[in-house]
Amino acid sequence: MTKKNILIVEDEPFLGLNIKQKIESFGFHVIAVVPSGDEAFQIVSEKVPDLILMDINLEGSLDGIETAESLRDQFSVPVLFLTGFLDETSKHRINQNPSYAYLMKPFSTDQLKEAVTGFMV
């Protein structure tokens with residue numbers, strides 16, 4: 001069985017590394033950890049992941065939801081948003097798309113594993 005590829009888009013380096021270590025401990029392969037939507041586009045255009053873990057607040061001009069919408073239009077990649085704050089507008093934008101889900105920070109390792117493996121069925 002080939003390992004599923006995951007891209008992490010997180011603007012806090014320590015948190016991105018922490019998530020990467022957890023994802024790899026679940027048996028998945030992390031393509032990269034990047035801080036911005038622009039860098040996410042670069043990575044995805046080279047190797048389309050099976051799942052993107054995306055913070056909503058990112059470096060650069062695009063937020064995580066805008067980045068996800070653009071990536072979805074071009075590459076049809078499911079996105080799990082990892083966020084510490086979710087207003088009603090953002091929640092509505094996420095809930096309108098069946099290939100999106102979200103997990104509120106702080107989350108436990110078990111919550112992360114359950115959310116990620118749910119996408120990998």
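How far apart do the end C-alpha atoms of residues 5–120 lie, and what share of the span is helix and strand? The end atoms lie 10 Å apart, and the span is 47% helix and 22% strand. I start with this stretch because UniProt, in an unreviewed entry, places the feature "domain: Response regulatory" at residues 5–120. Please keep in mind that this is a predicted model.

Next, a single position. Asp55 sits in strand E3, which covers residues 51–55. Is Asp55 buried or exposed? Its relative accessibility is 5%, so Asp55 counts as buried, the cut-off being under 20%. Apart from its neighbours within four places in sequence, Asp55 has contacts with Val9, Glu10, Asp11, Gly64, Leu82, Thr83 and Lys105.

Two of those partners come back in what follows. Thr83 belongs to strand E4, residues 79–83. Thr83 is buried, because its relative accessible area is 0%. With neighbours within four places in sequence set aside, Thr83 touches Asp55, Ile56, Leu103, Met104 and Lys105.

Lys105 is the other one. A cis peptide bond links Lys105 to Pro106, with omega at about -5°. Pro106 is placed in the loop between E5 and helix H5, the latter being 109–119. For background, most peptide bonds are trans.

On to the aromatic side chains. How many aromatic pairs does a search of the whole structure find? The search finds one. Its members are Phe81 and Tyr100, in an edge-to-face arrangement, 5.3 Å centre to centre and with 85° between the planes. Phe81 is in strand E4 and Tyr100 in strand E5, residues 100–104, so the pair ties together parts that are 19 residues apart in sequence. Both residues count as buried: Phe81 at 0% relative accessibility, and Tyr100 at 6%.

Now the helices. Helix H2, residues 37–46, packs with helix H3, residues 64–75, at an angle of about 20°, and their axes are 10 Å apart. H2 and H3 are therefore roughly parallel to each other, since angles under 35 degrees count that way. The crossing of H2 and H3 is right-handed. On the H2 side the residues that meet H3 are Gly37, Ala40, Phe41, Val44 and Ser45. On the H3 side they are Thr67, Ser70, Leu71, Gln74 and Phe75.

H3 also packs with helix H4, residues 88–95, here at an angle of about 15° and with the axes 11 Å apart. H3 and H4 are likewise roughly parallel, therefore. The crossing of H3 and H4 is left-handed. H3 contributes Ile65, Glu66 and Glu69 to the contact, and H4 contributes Ser90, Arg93 and Ile94.

One last residue. Where is Ser76 found? Ser76 is in the loop between H3 and E4. Phi of Ser76 is near 55°, which is a positive value in a residue other than glycine. As a general point, most residues other than glycine have a negative phi. Ser76 counts as exposed, because its relative accessibility is 60% and the cut-off for exposed is over 50%.

To recap: Asp55 and Thr83 are in contact, the one aromatic pair is Phe81 with Tyr100, and H3 packs with H2 as well as with H4.

Definitions and conventions
Residues numbered from 1 in each chain as written. Predicted model: local features only at pLDDT ≥ 70, side-chain atom pairs only at ≥ 80, totals over all residues. Heavy atoms only, no water. Helix = DSSP H or I, 4+ residues; strand = E, 2+ residues; numbered from the N terminus. Buried < 20%, exposed > 50% of the residue type's maximum accessible area, 1.4 Å probe, protein only. Contact = heavy atoms within 4.5 Å. Phe/Tyr/Trp six-rings, centres within 6.5 Å; stacked < 30°, edge-to-face > 60°. Axes fitted to C-alpha atoms, helices over the stretch in contact; angles between N-to-C directions. Parallel < 35°, antiparallel > 145°, perpendicular 65-115°, else oblique. Left-handed = near helix turned anticlockwise from the far one by under 90°.
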